[in-house]
Amino acid sequence: MFSFLNIAAYQQELNEGNISCEEAVEYYLNRIKSTPHLNAFVEVYEIEAHERAKFLDKKRKEGNHLGKLHGIVIALKDVICYKDHKVSAASKMLQNFSSIYNSTAVEKLLNEDAIIIGTCNCDEFAMGSTNENSVYGRVKNALDTNKVSGGSSGGSAVAVQAELCMVSLGSDTGGSVRQPADFCGIVGMKPSYGSISRHGLIAYASSFDQIGIFAKNVEDVAAVLNVISGSDEFDSTVNQQNNLKIIFNSDSKKYKIALLKNAMQHESLDTEIKNGIYGLAENLKKDGNIIEEINFDLIDYIVPAYYVLTTAEASSNLSRYDGVRYGYRDKNNEEDLTAFYKKSRGHGFGKEVKKRIMLGTFVLSEGYYDAYFTKAQQVRNLLVSETKEIFNNFDVILLPTVPSTAFEAGSMQKDPIAMYLADIYTVYANLTGIPGISVPLFQHSNGMPFGVQVLTNKHDEVTLLQLSDLLLKNYKRY
Ligand code: GLN
C-alpha cells in the first residue's frame, strides 16, 4: 500500500525500486475520486498524470539523470497558468479559458520531473478568506466539513490536508496560503516578494502577489521553493540571486525572537491561540532562545492599508477583462461599446470581485486619492521601515496566523468586515514583502488545528525554514 512521508523518503523508495510513480499517481487519483464532496479540485488530469508517471518510471529505469522533483505529485491553484490547460481564477469571467503559455513556476516544476495532477478550487481571483467566493462552490475542510477550508487557496490546502497530492501551489496576496494552511493543520509558506516569478500567475494586486507552497512538512516546502524560486527574464521584480541553500540539521543555533505586544494583546485574538503562542515562546526561552515582547503600534492600520492598496491594484489589473480580448462575453452585444463592457463585466465577475473593483476605483478617484491611496502608501512605508528596525535587532517574529480557528461555513458571508479584519496577522508580510510561514503546532479545544506564524527579514528564507522545521519537529503540541 502506497504511503507518502516526505519527498526525500519517497524518492529513495523510487530509486530502490520499491514503488513507482504510477503507483503514486494511482493512489492520489483514487483518493481524489473518493472525496468529491470536499470540492478541492476544479480539474483532474487523470490520463496525463498516468502518462507522465509512466514516462518518468521509464526514465528512471533507464538510468537517466533525474530532476529534483522527480515523481512528485503536485496540484496547482486555478490562478497559475499551465499551457493548454484551463485556468479560470474560479470565475465565470475566465471559465473555459485555456492558457497559451506556462507560468515560470510550472515550467520549472516540469523541468525537474514533477507530475501535475490537476487544478484546485479557490476564491474568485484570489479574493477571499473562506473559499466561498468561487464559481465552482465552496471547498470543505476535511477535518470538519461544516467548516471552511480557509482561502483564497482553499482547494490547494485541502488537497494536501486530505492527501490528494503530495504538495501544492497557491498564491498569497494577503495570507491566502498561510491562512488556509492554519485552518487545515498543514504547512503553508509565502516567500519574500520577488522570490518566485509572478509570470503566469493571474494578477490580483501585483505589488503583493506571491506564489506560495503547501506541504505536510518544512523540508518539502524547501525542496519545492528551491526549484521554483529564482531569477526570470519575464518578471523584473524577482530577486536576481537565488542562493537558497537550506541545511536542516538540529544544530544548537539560538534565535532572537520578537513577539509583537499589540498583536498578542489584540482583542480579536482567541484566548487559546494566544496562550498557545505564549506557551511556545516560554518553551523556546527555556531552551536558550531570547524572547522579547516589543511594541507595534501600527497594528490597527494594517488591514485598512491592505484593503485600500490591494483593491486599487485589483481595479487596474482586472480592467483587462473587458469581454473583447478574452474571457466571458455577453451575448447581447449589439449595443454600444460601454453597454457591452458593462454587461460582460457585470455578468462575468462575482459579487466580491465587483465590490473590490468599485472600492479600488473609488480610492483612486481624483477627489479621494490622497485621503486613501496616498495615506495607505504612507502606512506601508512606515511598516517597511519599522520592520527593518525590528530585524536589526531580531532574527524572527512570531505571530498567530489567524485570530481564530476555521470559521463556520457561511458565517463570514454575513459579515464581510469581520472577514477582512481576520487578515490582521497575515497581510503584514505582504505589505512589507517579508517571508512568512504557518507551522501547524496546536489543536484547539474545539477540535480544529491552528498554527504559529514565523516571519523573518526579507530574503531570509533560510532562517525562516530552519526555525520552522525545528518547531514542527520539537514543539508540536498534539
Ligand atoms: N483574505 C485576503 C483577501 O481577501 C487574502 C487574499 C489573498 O492572499 N489572495 O484579500
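**Exercise 1.** Which side chain has an N or O atom 3.5 Å from an oxygen atom of the ligand?

*Solution.* The model is predicted: local features need pLDDT of at least 70, side-chain atom pairs count only at pLDDT 80 or more, and totals for chains, interfaces and linings use all residues. Residues are numbered from 1 along each chain as its sequence is written, and side-chain values use heavy atoms, without hydrogens and water.

Step 1. The side chain is that of Tyr-307. The pair is a polar contact (N or O atoms within 3.5 Å).

Step 2. Backbone N or O atoms also face ligand oxygen atoms: one of Thr-173 at 2.7 Å, and one of Gly-175 at 3.3 Å.

Step 3. The protein buries 99% of the 290 Å² that the ligand exposes when taken alone (Shrake-Rupley method, 1.4 Å probe).

**Exercise 2.** Describe the shell around the ligand.

*Solution.* Step 1. Count the residues with a heavy atom within 4 Å of the ligand. There are 15, and the closest are Ala-126, Thr-173, Gly-174, Ser-176 and Tyr-306.

Step 1. Sort the shell by class: five residues are nonpolar, seven polar and three charged. Gly counts as polar and Tyr as nonpolar here.

**Exercise 3.** Locate the salt bridge of Lys-147.

*Solution.* Step 1. Apply the criterion: a side-chain nitrogen of Lys or Arg within 4 Å of a carboxyl oxygen of Asp or Glu. The partner is Glu-408, at 3.9 Å from N to O.

Step 1. Lys-147 is in strand β5 (residues 144–148), while Glu-408 is in the loop between β11 (396–400) and α14 (416–421), 261 residues apart. Helices (H or I, at least four residues) and strands (E, at least two) are DSSP runs.

Step 2. The structure holds 13 salt bridges.

**Exercise 4.** Find the backbone exceptions.

*Solution.* Step 1. Most residues other than glycine have a negative phi, and most peptide bonds are trans.

Step 1. Phe-125 has a positive phi, near 50°, and lies in the loop between β3 (115–120) and β4 (140–141).

Step 2. The Gly-151 to Ser-152 peptide bond is cis, with omega near 10°.

Notes
A residue is near a molecule or strand if one of its heavy atoms lies within 4 Å of it. A polar contact is a pair of N or O atoms within 3.5 Å; within protein, one must be able to donate a hydrogen and the other to accept it, and residues adjacent in sequence count only if both atoms are side-chain atoms.
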